[in-house]
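The following note sets out points on the fold of the chain shown below. It begins with a pair of helices and then turns to the sheet, the loops and the annotated domain.

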Amino acid sequence: METRIDEIANAIFRFSTFVPEIEAPAGLTFNQFLVLGDEPLLFHTGPRRLFPLVRDAVSRLMPVERLRWITFGHYEADECGSMNEWLAVAPRAEVAHGMTGCNVSLIDMADRTPRVLADGEIIDLGSRRVRYLDTPHVPHGWEAGLIFEETTDTLLCGDLFTQYGNGPALTEGDIVGPAIAAEDTACFSALNPGMGATIRRLAALTPRTLALMHGPSFAGDSPAALAALADDYDRRVRLAAQEVGL
Ligand SMILES: [Fe+2]
Ligand SMILES: [Fe+2]
């Protein structure tokens with residue numbers, strides 16, 4: 001396995017490792033994002049088994065001990081499995097996440113006390129800022145949350161738009177169709193009545209780039225893609241409600 005590195009927005013780098021065995025023959029990418037700045041931030045650590053690959057990829061861009069912030073969509077191995085390995089190699093690094101993630105898991109599971117972020121709170125990286133957004137249960141996990149980088153209008157959108165395959169680093173092609181197909185296959189989302197509204201709130205940020213954890217980054221009409229994804233989840237929720245007679 002190898003980890004490729006691409007700059008998907010100004011000084012935002014995507015590390016992508018393709019695992020062909022998942023849903024073979026399509027495979028699945030695992031992507032982490034490094035936001036460079038005075039206080040560099042890593043969004044997703046990757047699972048523990050990928051730590052050597054991701055650490056080496058980061059070290060090609062900056063000394064790993066410079067890492068200041070570690071954050072991720074939700075508490076799962078691919079999102080944060082190697083957070084303690086990162087805390088060990090980067091002495092000034094702090095895990096940052098929402099109140100639910102910190103209180104339910106991270107205060108106990110992280111080797112250093114995490115920073116608790118309120119919905120909408122800013123992390124100041126010095127030359128740039130990122131905004132933390134609570135997205136409970138979207139696409140899964142009570143503690144789910146995402147990051148919006150305000151200089152480049154990049155939404156680091158975690159498991160949203162998950163797709164199989166090993167596409168380009170950056171695309172303007174369709175990401176909604178492949179996401180709908182992956183949802184049909186894996187049923188990875190926790191369908192809930194607030195899902196469409198939560199995703200439309202992300203569309204209202206008018207992101208220019210969407211940084212997918214499992215798939216290419218997207219530089220097309222991001223608000224329209226988010227609106228289409230929200231519509232599809234509303235459709236799924238309506239169908240699920242009808243099936244139980246609601
Ligand atoms: Fe996940
Ligand atoms: Fe994931």
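1. Helix 5 and helix 7 are roughly parallel to each other, because their axes cross at roughly 30 degrees and angles under 35 degrees count as roughly parallel, over 145 as roughly antiparallel, 65 to 115 as roughly perpendicular and the rest as oblique. The axes of helix 5 (residues 176-186) and helix 7 (residues 222-243) come within 10 Å. Axes are lines fitted to C-alpha atoms, for helices over the stretch in contact, and angles run from 0 to 180 degrees between N-to-C directions. Helices (H or I, at least four residues) and strands (E, at least two) are DSSP runs, numbered from the N terminus.

2. The model is predicted: local features need pLDDT of at least 70, side-chain atom pairs count only at pLDDT 80 or more, and totals for chains, interfaces and linings use all residues. Residues are numbered from 1 along each chain as its sequence is written, while chains are lettered from A and ligands numbered from 1 in the order in which they are written.

3. Helix 5 contributes Val-176, Ala-179 and Ile-180 to the contact, and helix 7 contributes Ala-225, Ala-228, Leu-229 and Asp-232; residues are in contact if their C-beta atoms, placed from the backbone, lie within 7 Å. By class, this contact has six nonpolar, no polar and one charged residues (Ala, Val, Leu, Ile, Met, Phe, Trp, Tyr, Cys and Pro count as nonpolar, Asp, Glu, Lys and Arg as charged, and the others, Gly among them, as polar).

4. Helix 7 also meets helix 6 (residues 195-203): their axes come within 8 Å and cross at roughly 175 degrees. Helix 6 and helix 7 are therefore roughly antiparallel to each other. Among the residues making the contact are Ile-199 and Leu-202 of helix 6 and Leu-226, Leu-229 and Tyr-233 of helix 7. The contact of helix 6 with helix 7 has 11 nonpolar, one polar and three charged residues.

5. Seven strands form an open sheet in the order 1-2-3-4-5-6-7, with mixed pairing (two strands pair if DSSP finds at least two bridges between them). Strand 1 (3-9) and strand 7 (115-117) each have a single partner strand, so one side of each is left without a neighbour in the sheet. On average, neighbouring strands of this sheet are turned by 25 degrees against each other, direction ignored.

6. Strand 6 (residues 94-98) and strand 7 run parallel and are joined by three bridges; His-97 has Val-116 of strand 7 as its bridge partner. Helix 4 (residues 99-109) lies across strand 6 and strand 7, at about 115 degrees to strand 6. Helix 1 (residues 51-59) lies across strand 1, strand 2 (12-19) and strand 3 (28-35), running at about 50 degrees to strand 1.

7. The loop between strand 2 and strand 3 holds Glu-23 and Pro-25. Phi of Glu-23 is near 50 degrees, a positive value in a residue other than glycine. Ala-24 and Pro-25 are joined by a cis peptide bond with omega about 10 degrees. Another cis peptide bond joins Val-138 and Pro-139, with omega about -5 degrees; Pro-139 lies in the loop between strand 9 (129-134) and strand 10 (145-149).

8. UniProt, in an unreviewed entry, lists residues 29-163 for "domain: ODP"; its positions are given in the numbering used here, feature names are shortened, and annotations may be inferred rather than shown by experiment. Over residues 29-163 the chain is 23% helix and 28% strand, with the end C-alpha atoms 9 Å apart.

Definitions and conventions. Contact = placed C-beta atoms within 7 Å.
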